[in-house]
Amino acid sequence: MFQTRITELFGIKYPIIQGAMMWLSRAEMVAAVANAGGLGIMASLTFPTAREFREEIKKTQSLTDKPFAVNITLLPTIQPRSLEEYIEAAIKEGVPIIETAGRNPRQYMNQLREGGVKVMHKVASVKAAKTAERIGVDAVTIVGFEEGGNPGMDDVTTMVLVPCAVDALKIPVIAGGGIGDGRGLMAALALGAEGAVMGTRFMLSRECPLHNSIKQRLLEASEKDTLMIMRSINNPERVAGTDFARRILEMEERGTTLEELLPLIDGRRQKKALDKGETSEAIIPCGQVVGLIDDLPTIKEIIDGIIKEAGKIRKRLS
Ligand SMILES: Cc1cc2nc3c(=O)[nH]c(=O)nc-3n(C[C@H](O)[C@H](O)[C@H](O)COP(=O)(O)O)c2cc1C
């Protein structure tokens with residue numbers, strides 16, 4: 001039952017996908033997921049140049065001979081970059097799967113198709129999912145309101161969004177947002193998805209290069225300890241409910257400007273804070289599922305645990 005169109009399309013053992021995470025999903029994490037039978041996704045946003053991105057791809061390839069993917073987030077960045085160069089680097093290095101996210105990938109489809117890669121696109125609405133199918137992507141990931149990162153403007157939960165997308169599409173759907181264990185995987189499959197993407201769960205793994213003090217803080221967080229910020233600039237982001245995030249929310253409620261917000265959400269600021277283990281200086285993306293997570297296993301233990309739990313659920317239900 002763990003064989004789906006997604007495991008077949010990507011050549012992976014389990015329908016478990018580790019969500020791209022800026023600064024965090026680098027070679028070690030991506031390779032560990034691949035070696036444990038899932039699909040690891042490297043976040044290209046982490047790398048200021050396509051050259052550094054290419055080096056990290058090579059490093060990942062030295063750590064695993066299994067397939068993995070890279071994520072190209074199409075949202076505008078404070079330091080502009082040529083996404084074509086990043087796509088070209090991934091194609092040249094033989095990465096078999098590219099995930100796009102954030103915006104419609106139409107303008108990159110020719111390059112992706114000519115490069116012979118499988119394309120998955122991440123969306124937060126059924127409308128965007130249908131557009132992605134129409135322009136020819138191979139699979140769609142749809143993420144609900146619970147997700148850590150950018151769950152879109154509609155506030156529709158994973159439980160509703162996934163079956164709506166499954167009903168509307170012919171290509172396989174991957175569910176995301178709020179999934180962190182075998183129960184979540186089984187729920188996603190029951191809703192008609194053929195894979196489940198998890199970000200927050202893999203953030204709280206041994207291999208994740210997040211400072212231990214932030215990991216400890218997140219382990220103590222409940223399902224109520226996240227906030228949605230940046231709705232005022234039409235790019236809502238679910239983050240850990242820290243004082244820093246609350247300060248941003250208050251600024252937004254007072255009608256702050258984009259210029260005032262930009263220095264606070266700058267990726268370099270976030271990198272410094274993540275490295276220092278400092279939660280009072282930058283936002284930390286994190287999903288509501290953080291409330292379910294209270295351990296810090298290896299990635300192999302996470303994936304094996306999810307599959308074992310899912311197997312038990314299957315037995316119980318039959
Ligand atoms: C710390 C963190 C960083 C993220 N960075 C990115 C990113 O760079 N690009 C992207 O498309 N999604 C990003 N996401 C979203 C994840 O890839 C994934 O869709 C999400 O975490 C799934 O929801 P969950 O956290 O409830 O499992 C990030 C999520 C987290 C928690």
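Start by selecting strands β7 and β8 (residues 195-198): the two run parallel and pair over 3 bridges. Here two strands count as paired if DSSP finds at least two bridges between them. Helices (H or I, at least four residues) and strands (E, at least two) are DSSP runs, numbered from the N terminus. Within this pair, look for Ile 174, which stands opposite Gly 195 in β8. To get from β7 to β8, follow the chain through helix α8 (residues 182-190); this β-α-β crossover is right-handed. Right-handed means that, with the strands pointing away from you, the path from the first strand over the helix to the second runs clockwise.

Before going on, keep in mind that this is a predicted model, in which local features need pLDDT of at least 70 and side-chain atom pairs count only at pLDDT 80 or more, while totals for chains, interfaces and linings use all residues. Residues are numbered from 1 along each chain as its sequence is written, and side-chain values use heavy atoms, with hydrogens and water left out.

Click on Ile 142 and its bridge partner in β7 turns out to be Ala 175. Bring in helix α7 (residues 158-168) as well, and you have another right-handed β-α-β unit, made of β6, α7 and β7. Then show the side chains of β7 (residues 173-176): Val 173 and Ala 175 point one way, Ile 174 and Gly 176 the other, and all are buried. Buried means under 20% relative accessible area, exposed over 50%, and partly exposed in between (1.4 Å probe, protein chains only).

Next stop: the aromatic rings. Rings of Phe, Tyr and Trp (its six-membered ring) pair if their centres lie within 6.5 Å; planes under 30 degrees apart are stacked, over 60 edge-to-face, and the rest tilted. Searching the whole structure gives 2 such pairs. Phe 47 and Phe 53 have ring centres 6.0 Å apart and planes at 40 degrees, so they are tilted. Both of these Phe residues are buried. Phe 53 and Tyr 86 are tilted too, with centres 5.4 Å apart and planes at 40 degrees. This pair spans 33 residues of chain, from Phe 53 in helix α3 (residues 50-63) to Tyr 86 in helix α4 (residues 83-92). Tyr 86 is buried, at 2% relative accessibility.

A salt bridge is a side-chain nitrogen of Lys or Arg within 4 Å of a carboxyl oxygen of Asp or Glu, and the count comes to 17. Which residue meets Arg 54 in a salt bridge? Select Glu 93, at 3.1 Å, N to O. Arg 54 is in α3 and Glu 93 in the loop between α4 and β4 (97-101), so the pair ties together parts that are 39 residues apart in sequence. Arg 54 is partly exposed at 24%, whereas Glu 93 is buried at 18%.

Lys 92 is exposed, at 56%.
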